[in-house]
Amino acid sequence: MTAEPTATAATTPGRVLVTGGASGLGAAVVEAVLRSGGTPVVLDRDISTVSGVKAFEVDVADRAAVEHAVREAAETLGGLDAVVTAAGIDRCGKLADVEATEWEKVIGVNLMGTVSTVRAALPYLKESHGRVVTVASTLGKRAVADATAYCASKFGVVGFSHALAAETGGEIGVTTMIPGGMKTRFFDDRTEQYKPQDDSRLNDPANTAQAILFALNQPTGCEVREMLICHEEEGSWP
């Protein structure tokens, strides 16, 4: 009897572009990629704290700037093997109370920034048969009050990612990562009523970064299409 050949996972995630890579989950992904022997490159609107890796200052809501930065990053690395879209913002409040420009900024960063980055990276990812990990949220699965902008953006990321996976099957891998709340500075600029009252129920972003690395390191032909990861007492799921 002839043994079936077994697939072998990639030894490193390769050349990984990370949006929002200067802080929070993005920085945790950069660290995880480095530890695994990969080569991360950061896109962020503030790269003053980034050291030891190539970084490009860009607002992901600016499509033209994103296209230029992704192209420059890919040329610097000689291509791309993966993209992780971790950049994200929020503006809490009732719809009537959040300024329209601020509401639209959330869509611009979280949804359109994801789309612009992936679109710009597609030619490089198709060449390397690479992978995309989009970062959605448990609030892309379950809506809550005073979060219309954030929920709209993250529900959009989920829909975009699923459609992209269907569209590019066999060409690139697409994983929708759905994290619960994480212990980062994401909540710092919120008013007190919208800050987590118990941060012991927030997940360590390093845990989510490891889940992302797991998706990136799947053997050729095997894809993690969606993963939800959260603290065991996560309040926004199910």
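Which residues does Thr 114 touch, not counting residues up to four places away in sequence? Thr 114 touches Thr 85, Val 109, Thr 134, Val 157 and Phe 160, where a contact means heavy atoms within 4.5 Å.

Good morning, colleagues. The model before us is predicted, so that local features need pLDDT of at least 70 and side-chain atom pairs count only at pLDDT 80 or more, while totals for chains, interfaces and linings use all residues. Residues are numbered from 1 along each chain as its sequence is written, and side-chain values use heavy atoms, with hydrogens and water left out.

Let me begin with the overall architecture. The protein has five helices and seven strands; these are DSSP runs, with helices being H or I of at least four residues and strands being E of at least two, numbered from the N terminus. Their order from the N terminus is β-α-β-β-α-β-α-β-α-β-α-β. Of the 238 residues, 50% count as buried; the term buried means under 20% relative accessible area, exposed means over 50%, and partly exposed lies in between, with a 1.4 Å probe and protein chains only. The protein exposes about 11,600 Å², and carbon and sulfur atoms supply 51% of that area, as given by the Shrake-Rupley method with a 1.4 Å probe. Among contacts between residues at least 6 apart in sequence, 67% join residues at least 24 apart.

I return now to Thr 114. This residue lies in helix α3 and is buried, with a relative accessible area of 2%. Thr 114 also belongs to the lining of the largest cavity, together with Thr 19, Val 60, Thr 85, Ala 87, Val 109, Gly 113 and Thr 117. A cavity here is a set of points, on a 1 Å grid over the protein atoms alone, where a 1.4 Å probe fits but cannot get out, and lining residues have an atom within 4 Å of a point. By class, the lining has three nonpolar, five polar and no charged residues.

Let us move to a second site. Ser 137 is found in the loop between β5, residues 131-135, and α4. Why does Ser 137 count as buried? Ser 137 counts as buried because its relative accessibility is 6%. The side chain of Ser 137 reaches the backbone nitrogen of Leu 139 at 2.9 Å. Not counting residues up to four places away in sequence, Ser 137 touches Tyr 150, Lys 154, Met 177, Ile 178 and Pro 179.

Tyr 150 sits in helix α4, residues 148-168, and counts as buried at 10% relative accessibility. The C-alpha atoms of Tyr 150 and Val 106 are separated by 6.5 Å, although these residues are 44 apart along the chain.

Finally, some backbone details. His 129, in the loop between α3 and β5, has a positive phi of about 50 degrees although it is not a glycine; at 38% relative accessibility, His 129 counts as partly exposed. Asp 146, in the loop between β5 and α4, likewise has a positive phi, near 65 degrees, and counts as buried at 17% relative accessibility. In the segment after β7, residues 226-229, we find Pro 238. The peptide bond from Trp 237 to Pro 238 is cis, with omega near 0 degrees.

Thank you for your attention.

Note on methods:
On a 1 Å grid over the protein atoms alone, a cavity is a set of points where a 1.4 Å probe fits but cannot get out, and a pocket is an open set with protein on both sides within 12 Å along at least five of seven lines; lining residues have an atom within 4 Å of a point. Ala, Val, Leu, Ile, Met, Phe, Trp, Tyr, Cys and Pro count as nonpolar, Asp, Glu, Lys and Arg as charged, and the others, Gly among them, as polar. A polar contact is a pair of N or O atoms within 3.5 Å; within protein, one must be able to donate a hydrogen and the other to accept it, and residues adjacent in sequence count only if both atoms are side-chain atoms.
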